[in-house]
Every structure is written in C-alpha cells, then in structure tokens.
Amino acid sequence: MTYVVGEACIKCKYMDCVEVCPVDCFYEGENMLVIHPDECIDCGVCEPECPAEAIKPDTEADAAEKWGELNREYATLWPNITRKKDAPADADAWKDVENKFAEHFSATPGEGN
Ligand code: SF4
Ligand code: SF4
C-alpha cells in the first residue's frame with residue numbers, strides 16, 4: 001500500500017504535505033506533486049493536511065487505477081521536494097475545478113529543493 005496524489009493537486013500545489021512527510025517522498029512537477037510509492041511508509045499523516053484533499057490511499061480503487069502509475073512514473077522523473085514553498089497565487093481558484101488532468105496536467109519537472 002502507498003498513498004498517491006491525484007487530480008485535485010493540479011494547479012493548487014499548496015505543499016502542506018511536504019512539511020509533514022517523515023521520509024521526504026514527495027516529488028515536484030511544474031504544477032503538481034507526486035509520491036514515490038516505494039519510499040512512502042504509509043503513515044497517512046499527509047492525507048488530512050492537504051487543503052485540496054488530493055492525497056488518497058491506493059486502497060481506494062479510483063486512486064490506485066488512475067493515479068498509481070502516474071505517481072510512480074513521475075516520482076522518478078521529477079526532483080525531490082522537502083520544504084514548503086508558496087502556493088500559486090491562484091491556487092484557491094483552481095481547488096474545485098474538474099477535469100484538470102485532461103486540460104492542465106504538465107509533465108514538466110518542478111524546481112525541487
Ligand atoms: S498539499 Fe495537496 S494540493 Fe498541496 S501539494 Fe500536497 S498534494 Fe498537492
Ligand atoms: S503517507 Fe506518510 S510517508 Fe507516505 S507520502 Fe504521506 S506523509 Fe509521506
């Protein structure tokens with residue numbers, strides 16, 4: 001089991017999650033984060049910290065099917081992030097927008113730290 005980041009993170013990227021992860025297993029894309037499934041220790045502390053409710057356990061079928069492989073793939077391509085940065089200025093405006101993956105997912109790496 002692992003936790004995965006899903007669509008709600010796209011363009012929100014509040015990064016409260018990186019502050020609490022004890023094993024620093026978040027990786028940063030241009031407009032979302034992912035969790036490395038082999039590094040996550042399933043502690044679950046990040047899930048309630050996410051203002052966008054983007055983090056789910058992969059025991060939820062929807063999270064596993066749609067987001068498991070994407071988290072695994074991009075965790076190996078994007079840089080590690082361990083410290084919270086400022087969220088995008090328009091993050092709140094994107095929080096409840098639907099269909100963000102199809103329209104706004106970016107494979108471009110973030111800056112990491
Ligand atoms: S707190 Fe949630 S929205 Fe923010 S970066 Fe982490 S997963 Fe994405
Ligand atoms: S469940 Fe724990 S180890 Fe896994 S990403 Fe969240 S805080 Fe990190």
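Two residues are in contact if their C-beta atoms, placed from the backbone, lie within 7 Å. The model is predicted: local features need pLDDT of at least 70, side-chain atom pairs count only at pLDDT 80 or more, and totals for chains, interfaces and linings use all residues. Residues are numbered from 1 along each chain as its sequence is written, while chains are lettered from A and ligands numbered from 1 in the order in which they are written.

From the N terminus on, their order is β-α-β-β-β-α-β-α-α.

Next, select residues 61-75, helix α2, whose 15 residues reach 20 Å from the first C-alpha to the last. Then highlight A63, W67, N71, Y74 and A75, the buried residues of α2 (20 or more other C-beta atoms within 10 Å of their own, C-beta atoms being placed from the backbone). These buried residues pack against β1 (3-5), β2 (26-28), β3 (33-35) and β4 (55-57).

Turn now to ligand 1, which has 13 residues around it (C-beta atom, placed from the backbone, within 6 Å). C9, Y14, C17, C50 and A52 come nearest.

Finally, select ligand 2, surrounded by 13 residues, of which Y3, C21, C40, C43 and C46 are the closest.

Conventions. Helix = DSSP H or I, 4+ residues; strand = E, 2+ residues; numbered from the N terminus. Expected span 1.5 Å × (residues − 1). Buried ≥ 20, exposed ≤ 12 C-beta atoms within 10 Å, placed from the backbone.
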